[in-house]
Amino acid sequence: MKNSKKSSVRPGSLGILLLAAGKGTRMRSETPKVLHSLGGRPMIYYLLRLANALKPNGIGIVLGHEFDTVKKAIQAGVKEWGISKPITFIHQKEQKGSGSAVLESMSFLKKHQTAIVTCGDSPLLTFDTLFALLGGHRSEKHQVSLLTARFRDPKGYGRIIRSPMGEVLKIIEESHCTPKEAAINEINSGTYCFEVSLLVDAIKKLVPKGSNKEFYLTDCLEHIRSEGGRVTGFPSPSPEEALGVNTRIQLAQAERVLNRRALERLMLSGVSVLDPNTTYIDVDVEVAQDTVIHPGTILRGKTKIGKSCVIGPYSIIVDSQIGNECSVINSWMEGAKLHEKSEVGPWARLRPGTIAGPRVRIGNFSEVKNTRIGYGSKVPHLSYVGDADIAEDVNVGAGTITCNYDGHKKNKTVIAAKAFIGSNVNLVAPVKIGRGATIAAGSTITENVPDGNIAFARERQVNKERK
Ligand code: UD1
Ligand code: CA
């Protein structure tokens, strides 16, 4: 009897194997393919998140090209990405094809009864589709379930050959297709559910093929069939999910789809997006109800935006937090935090470490960095404020500069509540402006100003009669 060895497999155990060892030659890049950025995350993030969501007993990932770089990037990301399931890294030293990648993974696969095998370059696969594929596989007791798709242009993919009864007979890679086979528009998505016991035997029968002498995982299906196994093919309800990213053109297509999905998610949750065609939103960006996003806006990274805000037109917001009822118009924010009812822009730049509000106003060519700006304070025109602590109800006049850098280090400016800084003032840090103090316009302040004082630090005006 075959496979008489006592099995240590827990019945029903599910393993998910991600194939990601390929060099990604067609990307023409120094960066390993699965680390290319999509929707603000590396491509492999989408597969790991999806695998994790299916609650498998284990996730295996086959890496090869730049093994250490990719492994480190994944290990550094898993916590933030919310990947809780254990990951087994498998090193495929020679990239001899998807079949050899699976062969190298046998000790991982053999721990499980059922395995989902999918490709690291399929970032558009969704939970619903994979869940349905696995559900059907289990409830119908299939031996191999294959996710297929119907493409208007099947170029570059393996073609599905079915029997007249609809059973999948085999997959033929494009380079081996006859013209008639090449015209078949049902393609292999590269995602499969296998009963592992069948895969174990079939994988050993692969022979190298093509000019690169590669072992094709797809050839396993024929071997499984020749042993009496059945292969069931499920066309994906949404063919775009089967996109494989081999080139930068496909990378851009994937980016577009992910952006559309992010926009749809926000719109369905009550956010208005006036022009989805010119609005770019990363996958994990959060925006609350009744916020309106105007054209030309880009929201990146871990950005979170509250309720009833007005964002854009033409704002770029990266890794920032914005409270309720704020507006950010035609401005750039990065690593900044804005409390509620604050107004930014047009034409402001908030750099990392800016924490402002509530009810502040920063606009018209002002730049703020590593600075706290308290309740109701204003930096409305043409200012540079860096490494400062500005308390409540302060007015920073047009053209004010904090001279924070002495050529060696950054120094701090502290402005207490209700101070009034006149226009075109230089605050040479380190310096403190007292509560309620006034600084005369045009002053260059080099010494602390006590509470309630008015400071003049400029030449007295001289008027002379002309001779
Ligand atoms: C593969 C399928 C094709 C399918 C398409 C879907 C094979 C032989 N062909 O073609 O039928 O239509 O995906 O996108 O499987 N990999 C390794 N080790 C290797 C080689 C590849 O881990 O030695 C990984 C790659 O990183 C990739 C996946 O396997 O994630 C598929 O390899 P790729 O070269 O992209 O195959 P395709 O030509 O796209
Ligand atoms: Ca591919």
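pLDDT is the predictor's confidence in each residue, on a scale from 0 to 100. The structure is a predicted model. Its protein averages a pLDDT of 96, and 99% of the residues score at least 70. Confidence is lowest in helix α8 (residues 220-226), where the mean is 95. It is highest in strand β18 (residues 310-311), at 99. Where pLDDT is low, predicted coordinates should not be read in detail.

Helix α2 covers residues 67-81. Its end C-alpha atoms are 20 Å apart. This agrees with expectation, because 15 residues at 1.5 Å a residue should span 21 Å. The buried residues of α2 are F67, V70, I74, G77, V78 and W81. An α-helix has 3.6 residues a turn, so residues three or four places apart point the same way. Several elements contribute to the cover over the buried residues of α2, including β3 (41-42), α1 (43-53), β4 (58-63) and β5 (87-91). G82 follows α2 and has a positive phi, near 75°.

An open sheet is built from nine strands with parallel pairing. The strand order is β14-β17-β20-β23-β26-β29-β32-β35-β38. β14 (286-287) and β38 (431-433) are the edge strands, each pairing on one side only. Within the sheet, strand β23 (residues 337-338) pairs with strand β26 (residues 355-356) in the parallel sense, over two bridges. Here L338 stands opposite A356 of β26.

Strand β21 (residues 327-328) contains S327. The relative accessible area of S327 is 15%; the cut-off for burial is under 20%, so S327 counts as buried. Neighbours within four places in sequence aside, S327 is in contact with V310, S342, E343 and V344.

A calcium ion (ligand 2) is coordinated by D121 through OD and by N246 through OD1, at 2.2 to 2.4 Å. The pair links distant parts of the chain, 125 residues apart. D121 sits in the loop between β6 (114-119) and α5 (127-139). N246 sits in the loop between β11 (231-235) and α9 (248-268). D121 is buried, with a relative accessible area of 14%. N246 also counts as buried, at 15% relative accessibility.

How values were computed:
Residues are numbered from 1 along each chain as its sequence is written. Chains are lettered from A and ligands numbered from 1 in the order in which they are written. This is a predicted model: local features need pLDDT of at least 70, side-chain atom pairs count only at pLDDT 80 or more; totals for chains, interfaces and linings use all residues. Side-chain values use heavy atoms; hydrogens and water are left out. Helices (H or I, at least four residues) and strands (E, at least two) are DSSP runs, numbered from the N terminus. The expected span of a helix is 1.5 Å times one less than its number of residues. Buried means under 20% relative accessible area, exposed over 50%, partly exposed in between (1.4 Å probe, protein chains only). Contact means heavy atoms within 4.5 Å. Two strands pair if DSSP finds at least two bridges between them. Donors are N, O and S atoms within 2.8 Å of the metal (3.2 Å for Na, K and Ca); water is not among the atoms, so sites may look incomplete.
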